[in-house]
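Have a look at the fold first, then read on.

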Amino acid sequence: MTSDTNINSDATSAPEYPGKMNRRKALKYIGTGAGVLAVGGTTGFYGYNRSLRISSADAAKLKNVRFVIAGGSIGGITVAARLLRAVPDANITIIEPKTIHHYQPGYTLVAAGVYKKEDVLYDQQSLFLPGMRWVRDYVSAFEPEKNRVKLGSGDFLAYDYLVVGMGVEVNPTSVEGYSEAIKTPHAATIYDLESGMKYREMAKSFSGGKAVFTFPAGYVKCGGAPQKITWLSEDLWRSNGHRDQMDIHFFTNHSSLFPAVPKVDAAVTPLIEARGIQNHYQTEMRAIDVSTRTVILEERMPDGTTREVRQKYDLLHPVPRFRTPKPLREGPLTAEGIGGQIQVDRETLQHRRFPNVFGVGDCAATGAPKTAATIRKQAPAVAENLISLALEREPTTLYDGTSGCPLLTRYGRCMMFEFDFQGNLVNEWLYQSTRETRLWWNFKVHGLKQLYRHVMMNGYV
Ligand SMILES: Cc1cc2nc3c(=O)[nH]c(=O)nc-3n(C[C@H](O)[C@H](O)[C@H](O)COP(=O)(O)OP(=O)(O)OC[C@H]3O[C@@H](n4cnc5c(N)ncnc54)[C@H](O)[C@@H]3O)c2cc1C
């Protein structure tokens with residue numbers, strides 16, 4: 001098990017990657033990050049600590065209410081911690097099967113050689129605040145009519161209020177040949193920690209040929225991650241002198257690089273095009289032929305027809321579609337047309353048919369990006385609405401649709417921005433959202449993990 005303060009502990013070694021820092025510089029930037037957080041806390045710019053106070057009489061009424069949370073990751077734990085801030089002796093049970101928690105936003109940095117594996121691992125037990133009861137099992141079925149969940153053990157767990165934060169996972173069956181390809185020496189993914197470490201070695205030793213990256217249709221966990229690893233890889237190869245020996249292709253199902261936020265899309269596209277990465281739009285990966293090292297894709301043409309595209313690769317970063325865990329996608333909490341996500345109101349996060357059930361984070365059908373940054377804004381709404389309902393009041397706290405993204409464009413550079421449901425930038429001037437800056441790179445590398453672990457997971461959000 002690793003200490004949760006063990007960030008990039010090899011920072012004193014000679015830089016192997018562009019922009020890698022020594023320990024002194026790292027400390028300097030941790031200081032900067034702390035400063036940004038402090039400023040954020042007072043201005044409401046990056047920090048966000050709305051108080052969640054209720055009267056002691058109301059807190060007493062909630063003492064025996066059973067809150068059950070399915071999924072003990074950033075979504076589930078942040079909601080639980082927010083509840084405890086308001087009701088210190090609340091009855092909270094968290095169902096989570098894993099004993100090691102993964103800080104997934106760090107996966108890209110592991111694959112890029114900036115973090116070590118240990119930097120993204122936490123002992124699951126260490127995440128729970130006193131007052132959170134851990135059931136080390138998984139939900140095998142939801143029974144919302146009976147206000148209970150079935151566990152892997154076969155036991156049932158009853159609740160008064162249920163929060164579902166079970167995340168999403170890569171769907172390997174959505175691309176023929178994916179499971180086979182990902183085991184070969186030529187393909188790896190940042191959506192899995194071990195595979196991300198394999199990618200790091202592949203990228204480091206790649207000295208020429210065709211490098212192919214893909215982006216799928218449907219909802220995507222951290223919709224910026226497939227671009228980030230493409231751009232960081234290009235920068236690595238440029239700095240180690242191999243860039244001229246390779247063709248880099250990025251195939252995306254979208255019509256542009258970052259359509260969710262038009263202003264960022266407009267700023268980033270010329271920067272990436274100038275680096276010679278060949279972007280292919282409206283194109284989705286359908287299959288991988290391992291024997292000939294070929295990706296088979298489907299391109300949508302302007303006249304509505306499609307055509308097959310075949311692309312050879314020497315290095316492949318394939319991203320298939322995503323899905324929710326089985327009990328969710330095949331159970332009663334989802335609905336037609338939402339890809340197995342939990343069917344919630346996108347603002348209150350309350351289930352549309354079962355009022356005592358809420359969704360949070362990646363598995364919730366809100367249309368918001370599937371990021372920890374989204375959860376930072378959703379979790380307070382979920383906790384406040386749970387408390388309102390338990391006190392027989394209306395759930396009136398609304399998630400406003402804002403999310404954020406640290407878009408790593410190259411080693412040492414990052415665009416940081418927040419945006420709303422409509423894709424408009426929020427606090428654009430304060431973030432200098434469309435500029436690649438070293439400050440935001442350092443904040444991503446040294447500050448955001450602390451925000452995730454020590455601010456969000458302790459309920460300060
Ligand atoms: C490569 C990569 C890069 C990313 N980069 C960023 C970034 O830069 N910024 C950012 O904000 N976000 C980023 N993210 C996204 C972020 O990690 C997710 O949005 C976040 O982890 C979602 O949290 P969650 O709690 O909804 O789900 P998860 O963190 O996925 O957790 C789901 C939990 O549910 C549990 N679970 C699953 N099934 C069951 C079951 N049947 N019963 C009980 N429990 C179950 C799992 O064990 C897990 O602990 C990135 C993710 C990846 C993979």
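Let's start with strand 11, which runs parallel to strand 12 (residues 246-252) and is joined to it by seven bridges. Keep in mind that this is a predicted model: local features need pLDDT of at least 70, side-chain atom pairs count only at pLDDT 80 or more, and totals for chains, interfaces and linings use all residues. Residues are numbered from 1 along each chain as its sequence is written. Helices (H or I, at least four residues) and strands (E, at least two) are DSSP runs, numbered from the N terminus, and two strands pair if DSSP finds at least two bridges between them.

Strand 11 also pairs with strand 17 (residues 315-317), again in the parallel sense, over three bridges. Five of the seven residues of strand 11 (residues 209-215) are buried (20 or more other C-beta atoms within 10 Å of their own), so the strand is largely enclosed by the rest of the structure.

Six bridges join strand 14 to strand 15 (residues 294-300).

Here are some bridge partners:

| Residue | Partner | Partner's strand |
|---|---|---|
| F213 | F250 | strand 12 |
| I288 | V295 | strand 15 |

As for contacts (C-beta atoms, placed from the backbone, within 7 Å), V382 touches V79, V163, L349, F358 and V360, not counting residues up to four places away in sequence.

Technical notes
Contact = placed C-beta atoms within 7 Å. Buried ≥ 20, exposed ≤ 12 C-beta atoms within 10 Å, placed from the backbone.
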